[in-house]
Amino acid sequence: MSQDVTQLVVLPPGDHAALKAAVKALESSNLAARIADYAGVPVNRVLNLLPKAANRQLSGLVRTAVMKGLEVAVDTLDEKPPPAPAVTFSSILAGVTGGVSGLFGFGALAVELPLTTTLMLRAIAEIARHQGEDLSSIEARLACLEVFAYGTKRTDDSIDVGYYAARALISKYTSDAAAYILERGAVDASAPVISNLVSEIVSRFGLVVSDKAAAGAVPIIGAAFGATVNVIFMDHFQKIAKGHFTVRRLERAHGSAGVRQHYAAIAAGLTPRRGVATA
């Protein structure tokens, strides 16, 4: 009886180090924890401060922001960016919008969130191109939008938010959406394939936005530090983007199966209680 043994692909030291950094970003990032550390309050306090009435409004605001991001991804992300990721400038702009939002509270989120999401998406696109993505491809542009679905880590939710688990599901939606957009040449929000993609991203991105919105309810943060919270928010997704597109770059170079095996081994070392599929 023979046993099928798959040999692990050997990664050069530089690529292994890059993958290790990507795993840390994708499997360990927690916006609520970063905000709580900044504010000097327990993370549970941040998570519990968003009013229930505001929470009911949040899904609609997040959906509007994601739809705006999808339109930007399809229409303009293939424009030529600076030669290297100019993420600092985007963070500064996000900080300004966050400061304005902080002055006017939750009500300003309807204006601030789509603007911040667009700024983040453009910074994500710059990171993607820097990692070798061809943004003339609709698939690569939608991969930029996918980043918003990979930014949450919440152990008390039923959603499996591990990177490869999330990516396997979302990639199916983006693949269907890409085929639809290529055929129709435009985004139709009422089309099921578009609605499914947006809904899946909203269900995950909304968790992170709720952490951001809740931070405004922490007295020590308040309006005065709204700009800083937005910079943390922007930086959070830039780290996720760098991890996501590093993994994609390494998969192009070494094959997806081998990179995923290395990813699983590294993730198991970082979080030994959490299993990661290697199939």
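Here are some notes on the predicted model above, point by point.

1. Ground rules. This is a predicted model, in which local features need pLDDT of at least 70 and side-chain atom pairs count only at pLDDT 80 or more, while totals for chains, interfaces and linings use all residues. Residues are numbered from 1 along each chain as its sequence is written, and side-chain values use heavy atoms, with hydrogens and water left out.

2. Overall make-up. The chain holds 11 helices and zero strands; helices (H or I, at least four residues) and strands (E, at least two) are DSSP runs, numbered from the N terminus. Read along the sequence, the pattern is α-α-α-α-α-α-α-α-α-α-α. Of the 279 residues in the chain, 49% are buried, where buried means under 20% relative accessible area, exposed over 50%, and partly exposed in between (1.4 Å probe, protein chains only).

3. Contact range. Take the contacts (heavy atoms within 4.5 Å) between residues at least 6 apart in sequence: 81% of them join residues at least 24 apart.

4. Salt bridges around Glu133. The whole structure contains eight salt bridges, each being a side-chain nitrogen of Lys or Arg within 4 Å of a carboxyl oxygen of Asp or Glu. In one of them, Arg248 pairs with Glu133 at 2.8 Å, N to O. This pair links distant parts of the chain, with Arg248 in helix H10 (residues 226-254) and Glu133 in the loop between helix H6 (109-130) and helix H7 (138-146), 115 residues apart. Both Arg248 and Glu133 are buried, and the relative accessibility of Glu133 is 7%.

5. Arg252 is partly exposed, at a relative accessible area of 44%.

6. Glu200 and Arg204 form a salt bridge whose closest N and O atoms are 2.8 Å apart. Both residues sit in helix H9 (residues 192-215), four residues apart, or about one turn of the helix. Glu200 is buried, as is Arg204. Turning to shared partners, salt bridges join Glu133, Glu139, Arg248 and Arg252 into one network.

7. Arg249 belongs to helix H10 and is partly exposed at 28% relative accessibility. Its C-alpha atom is separated by 7.8 Å from that of Glu133, 116 residues away along the chain. Not counting residues up to four places away in sequence, Arg249 touches Asp15, Ala18 and Gln131. Thr246, also placed in helix H10, is buried at 4% relative accessibility. Leaving aside neighbours within four places in sequence, Thr246 is in contact with Ala18, Leu19, Ala22 and Gln131. Thr246 and Val23 are 223 residues apart in sequence, with 9.7 Å between their C-alpha atoms.

8. Glu251. This residue of helix H10 counts as buried, with 13% relative accessibility. Setting aside residues up to four places away in sequence, Glu251 touches Tyr164, Arg167, Ser256 and Val259.

9. Packing of H7 on H8. H7 and helix H8 (residues 163-184) pack at an angle of about 135 degrees, with axes 10 Å apart; axes are lines fitted to C-alpha atoms, for helices over the stretch in contact, and angles run from 0 to 180 degrees between N-to-C directions. That makes H7 oblique to H8 (under 35 degrees counts as roughly parallel, over 145 as roughly antiparallel, 65 to 115 as roughly perpendicular and the rest as oblique). The contact is made by Ile138, Leu142 and Glu146 of H7 and by Ile170, Ser171, Thr174, Ala177, Ala178, Ile181 and Leu182 of H8. These contact residues divide into seven nonpolar, two polar and one charged, with Ala, Val, Leu, Ile, Met, Phe, Trp, Tyr, Cys and Pro taken as nonpolar, Asp, Glu, Lys and Arg as charged, and the others, Gly among them, as polar.

10. One more residue to look at. Gln57 is in helix H4 (residues 52-75) and is partly exposed at 47% relative accessibility. Between Gln57 and Ala110, 53 residues apart in sequence, the C-alpha to C-alpha distance is 9.7 Å.
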